[in-house]
Amino acid sequence: MRDVLAELTGGRPVDIKWPNDVLVNDRKICGILTQQSTLSGRIGLIIGVGINVNNSLSTAPDDIRQRATSCMT
């Protein structure tokens, strides 16, 4: 995922901020969530990934615009 995000953002560095944020130029571009669940004695892991793909952020509050980015901005 790191290589794909770097390519989509023009080769900008991609970093991980513990525990679940992916950053480009110190701005959040992606979040990763995990949850373990047990059903009938079986253990499962649910993984979700959310990527800011084509968000202009122009209508977002100032604090969000300063902390977030998108693959297409």
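The largest pocket is lined by Lys17, Asp21, Leu23, Asp26, Arg27, Lys28, Asn52, Ile64, Arg67 and Ala68. The model is a predicted one, in which local features need pLDDT of at least 70 and side-chain atom pairs count only at pLDDT 80 or more, while totals for chains, interfaces and linings use all residues. Residues are numbered from 1 along each chain as its sequence is written, and side-chain values use heavy atoms, with hydrogens and water left out.

A probe the size of a water molecule, rolled over the atoms, shows where empty space is left. On a 1 Å grid over the protein atoms alone, a pocket is an open set of points with protein on both sides within 12 Å along at least five of seven lines, and lining residues have an atom within 4 Å of a point. The largest pocket holds about 180 Å³ of space, a volume being the space filled by probe spheres set on the grid points, which are joined across faces, edges and corners. Strand 2 (21-24), strand 3 and helix 2 (62-67) each give at least two residues to the lining; here helices (H or I, at least four residues) and strands (E, at least two) are DSSP runs, numbered from the N terminus.

The largest nonpolar core has eight residues: Leu5, Ala6, Val14, Val22, Val24, Ile29, Cys30 and Cys71. Such a core is a set of buried Ala, Val, Leu, Ile, Met, Phe, Trp, Tyr and Cys residues joined through side-chain atoms within 4.5 Å. Helix 1 (2-8), strand 2 and strand 3 each supply at least two residues of this core. Leu5 touches Val14, Val22, Ile29, Cys30, Ile51 and Cys71 (heavy atoms within 4.5 Å), leaving aside residues up to four places away in sequence.

The whole structure has zero disulfides.

Leaving aside residues up to four places away in sequence, Thr34 touches Leu45, Ile46 and Ile47.

Technical notes: 1 Å grid on protein atoms, 1.4 Å probe; cavity = no way out; pocket = protein on both sides within 12 Å on 5 of 7 lines; lining within 4 Å. Buried < 20%, exposed > 50% of the residue type's maximum accessible area, 1.4 Å probe, protein only. Disulfide = S-S within 2.5 Å.
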